[in-house]
Amino acid sequence: MSAPVKVYVYDLSKGLAGQLSLQLTGKQIDGVWHTSVVTFGKEIFYGPGICETEPGRSHHGSPLRVIDMGETSIDEQTFDEYLSQIKDHYTADKYHLLDFNCNSFTNDCLGFLTGGSLPSYIKDLPSDFLSTPFGAALRPTIDAMFRGRASTSVLTPPPDIRPTTTASPNPALASSLLQAVAAGATSSSSGTLSSSRNYLPTPAPTSPPTPAQSNTLTTPVHIATNPSSFHNVLRTHRAVVAFFTSATCAPCRMIEPVFEDLARIKSRANDVAFVKIDLSVGMSNAVGGEYGVRVTPTFLLFLDGNKTHEMKGVNAPELRTQVDLLLYQAFPPHPHTTISLPAIEAISLNAILFSQVPNLDAALAKVTGFIDAAPSWCGSATKEDTKQILTKNIIPYLKGRGSSSPPNISFEPWNDATTSLAMNLSAGELFPVADMWRVALLEPAVCGWSATKLGPESPIVVLLSKVEGASRNYTLTLLRMISNAFANKVIARELLLSSRSSITAVLVAALLHDDATVRMAAASLAFNIVAHLQRLRVEKVQGNAEGDDVGENEDWDVEMTSALLEVIDREKANEEIVHRLTASLALLIRLSPSIEQLTSLLEVLQAQRILKDKLERGGCGDAGVVKKEARKLIGEVAEKLCP
C-alpha cells in the first residue's frame with residue numbers, strides 16, 4: 001500500500017534572510033532553508049543525528065511551506081531498515097551548515113522513497129551563498145564552527161568572527177545572524193533524538209570518523225546512498241563524476257582530497273556534479289553493482305546520463321585530466337572565446353545611469369494637482385493617504401539622498417501609493433511618479449526593497465503596465481527608470497523572468513521612435529539589459545555558480561539582434577546612438593549560446609554591410625561615424641562577429 005511523502009520547509013533565519021540578504025551579501029536570498037521528510041505519520045530530519053518527531057512538532061515550529069512529493073510504494077519497515085543502514089553516515093559530528101546538512105539527508109531519503117529530489121532553490125542555496133564575496137569571506141568561519149564539533153559534538157563558534165564578516169556592510173548583524181542560523185540548524189530541543197527507534201543515533205558517534213569523512217564537510221560533494229538518489233543526480237546534471245569508496249579503503253583517503261579539490265573548483269549547479277558513494281553505507285552497494293564496481297577507489301564519469309569513462313586506483317593526474325576532458329565534451333568553449341576582440345573586451349559593463357534629479361517640489365505639485373483633479377478614486381491608499389505618502393515619505397527621502405543621515409523610513413507605503421496612482425491616473429499624469437522612481441532606484445536601499453517585490457507586486461511592473469499608447473514624456477521617463485533598475489542584478493533578473501516580453505515590446509518601439517532623445521534612452525536600456533546578460537555569461541564560462549542563472553532565451557536573442565540591426569541601419573544622424581547600439585549588438589552576440597542561429601541571421605540580414613556603411617560618408621552624419629573608439633568597435637564587430 002502506498003504512502004504519501006511530503007517535504008516540510010522551514011526558514012532557519014525566520015525571515016531575516018529575505019529582508020537582509022541583499023544588504024549583507026549583494027544577492028537576494030529568500031531564506032536559509034531547512035527541510036525534513038514527512039511520511040508514515042512522522043517527520044524525520046537530520047541535525048544532531050537523524051531525528052524523528054510528530055509532523056510539525058519539531059523545534060523549528062510550523063513549516064513555512066509543504067511540498068507534495070507524491071507517494072512511495074516502499075513499506076515502513078523497509079524505510080526503517082534503510083535509515084538504520086545510513087545512521088552511521090548521518091551523525092552529529094559530520095553535520096555542516098553548507099555542505100552536509102538536513103537538505104543532504106532529505107534529498108537522499110527522497111531518492112530512496114520516490115526517486116525525486118528537492119527543488120533547485122533549496123539544493124543550490126549553498127552555491128548561491130558562496131558565490132557572493134560575503135559568503136566566500138565567511139566560509140572559513142563556518143568551517144571552523146563545524147570542525148570544532150567533530151570531536152566535541154558541540155557547535156563551537158570562534159571567539160571572534162568579526163574579521164571574517166567585514167565583507168558585510170554590517171558585521172555585527174552578520175555575526176549574530178550566522179550564529180542564530182547555525183544554532184537553529186543543530187539544536188535538538190523538542191526535536192529529540194528518539195532512543196525508542198533503533199536506527200536513530202545518539203549525538204556522539206559510536207566510532208571516530210575517518211579523516212576522509214571529515215574532509216568532505218568542506219566541499220560541494222553530493223552524497224548518494226541508494227540507486228534512486230544517484231539516478232536523480234544523473235538526471236539533473238549534464239556531467240557527473242562518481243567516486244566509489246569505502247570506510248576501510250586506505251587508498252581512497254589518499255585520492256579523496258584531489259576529488260574534493262576538483263569538486264570545489266569544477267562543480268556547477270544543475271550542470272556538473274561530484275558524487276561520493278560509500279559502498280558500506282545504505283544501499284550504495286546496489287549502485288556499485290549496477291555499474292559493475294567491485295574495487296575501491298573507482299571513478300565513473302557520465303555525460304548526459306551515459307558512462308563515458310572508468311578509472312580505478314590512485315592516479316591524481318589522470319583523474320584531473322579525465323575530469324577536464326569530460327567538461328570539455330559537456331561544455332565546449334564558445335567559438336568567440338578563441339577570437340581576439342580587444343574593442344569588445346574594452347566595453348565597460350557598468351550600467352548607463354540617468355542620475356539627474358528633477359525639481360522634486362515641482363514634481364510633487366504636479367502629481368498632487370492630478371490627484372485632486374481625479375473624479376473618483378480606488379485602491380488601497382486613499383487620495384489623502386497617497387498625498388501624505390508623497391509629501392511626508394517619498395519626497396523627503398529623495399531630497400535626503402547622499403546626506404550623512406538619510407531618512408530612516410519604510411518603503412512599503414511607496415508601493416501602495418504607486419499602485420493607487422496607477423489605478424487612477426493616466427500615463428500622461430504618471431510621468432512625474434516614474435521620474436521619482438527613476439531617482440529612487442539609484443539608491444541601494446530602495447533597490448534592496450524593490451528586489452523583494454516580484455511580478456505584479458513590483459512598482460516597476462505597475463508603471464510598465466501603463467505604457468501602451470503613452471505620451472513621449474512618459475515613455476522616455478519609463479525607459480530611463482527601467483535602465484536604472486537594470487543596474488541592480490537582482491532586479492534585472494526578476495524583470496527578465498517576469499516582464500521580458502513587455503519590456504522588449506516597449507524597447508523595440510522606442511528604438512524606432514522619431515524622437516532622438518527617446519531613441520537614446522532606448523539604446524541605453526538595450527545596453528544595460530545585454531550587459532547584465534553578458535556578466536552572467538562570462539561567469540558561466542568561467543564556471544562560477546552565479547552565472548548558472550542566466551535565463552537564456554533563443555527567440556529573444558533573435559528578436560533583439562534583428563531589432564538592433566534594423567535600428568543601426570536606420571540611424572543616420574546620431575553616432576552616439578549607433579555606438580551604444582553596436583556595443584549592445586556585440587555583447588548580445590559574443591557569448592550567446594544561440595550563436596549558430598545568430599550567425600545565419602547576421603548573414604541573411606547583411607549585418608556586416610550595415611555596420612561598415614556606418615563608417616562611410618553619409619552612413620551616420622556627413623562623414624560617417626567619427627569617434628575613434630566607436631569606429632574601432634564597429635569595424636571589429638563587422639569583421640570578426642559577422643559573416
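Analyst: A helix here is a DSSP run of H or I of at least four residues and a strand a run of E of at least two, both numbered from the N terminus. This is a predicted model, in which local features need pLDDT of at least 70 and side-chain atom pairs count only at pLDDT 80 or more, while totals for chains, interfaces and linings use all residues. Residues are numbered from 1 along each chain as its sequence is written, and side-chain values use heavy atoms, with hydrogens and water left out. The protein has 28 helices and 10 strands.

User: How do you know how many residues in the protein are buried?

Analyst: A residue is called buried under 20% relative accessible area, exposed over 50% and partly exposed in between, with a 1.4 Å probe and protein chains only. Of the 643 residues in the protein, 54% are buried.

User: What makes H23 largely enclosed by the rest of the structure?

Analyst: Of the 26 residues of H23, 19 are buried, and therefore this helix is largely enclosed by the rest of the structure.

User: What does H24 reach from its first C-alpha to its last, and what is expected?

Analyst: Helix H24, with 17 residues, reaches 25 Å, which is close to the 24 Å expected. Its N-terminal end is capped by Asn553, where a side-chain oxygen lies 3.1 Å from the backbone nitrogen of Asp555. The buried residues of H24, among them Trp556, Met560 and Leu564, pack against H22, H23, H25, helix H26 (595-604) and helix H27 (607-613).

User: Which residues is Glu571 in contact with, leaving aside its neighbours within four places in sequence?

Analyst: Contact means heavy atoms within 4.5 Å. With those neighbours set aside, Glu571 is in contact with Arg519, Ile577, Val578, Lys614, Gly619 and Cys620. Glu571 and Arg519 are 52 residues apart in sequence, yet 9.5 Å apart in space from C-alpha to C-alpha.

User: What joins the side chains of Glu384 and Lys387?

Analyst: A polar contact of 3.2 Å joins them, the term covering N or O atoms within 3.5 Å where, within protein, one must be able to donate a hydrogen and the other to accept it, and residues adjacent in sequence count only if both atoms are side-chain atoms. Glu384 is found in helix H16 (residues 383-399). The side chain of Glu571 also reaches the backbone nitrogen of Ala573, at 3.4 Å, and a polar atom of this side chain lies 3.1 Å from the backbone nitrogen of Asn574.

User: Which helix supplies the largest share of the lining of the second largest cavity?

Analyst: A cavity is a set of points on a 1 Å grid over the protein atoms alone where a 1.4 Å probe fits but cannot get out, and lining residues have an atom within 4 Å of a point. The second largest cavity has a volume of about 70 Å³, and H22 gives the largest share of its lining, 4 residues. Helix H20 (459-464) and helix H22 (489-511) each supply at least two residues of that lining, which includes Ile460, Val461, Ile491 and Leu495.

How values were computed: 1 Å grid on protein atoms, 1.4 Å probe; cavity = no way out; pocket = protein on both sides within 12 Å on 5 of 7 lines; lining within 4 Å. Points joined across faces, edges and corners; volume = space filled by probe spheres on them. Expected span 1.5 Å × (residues − 1).
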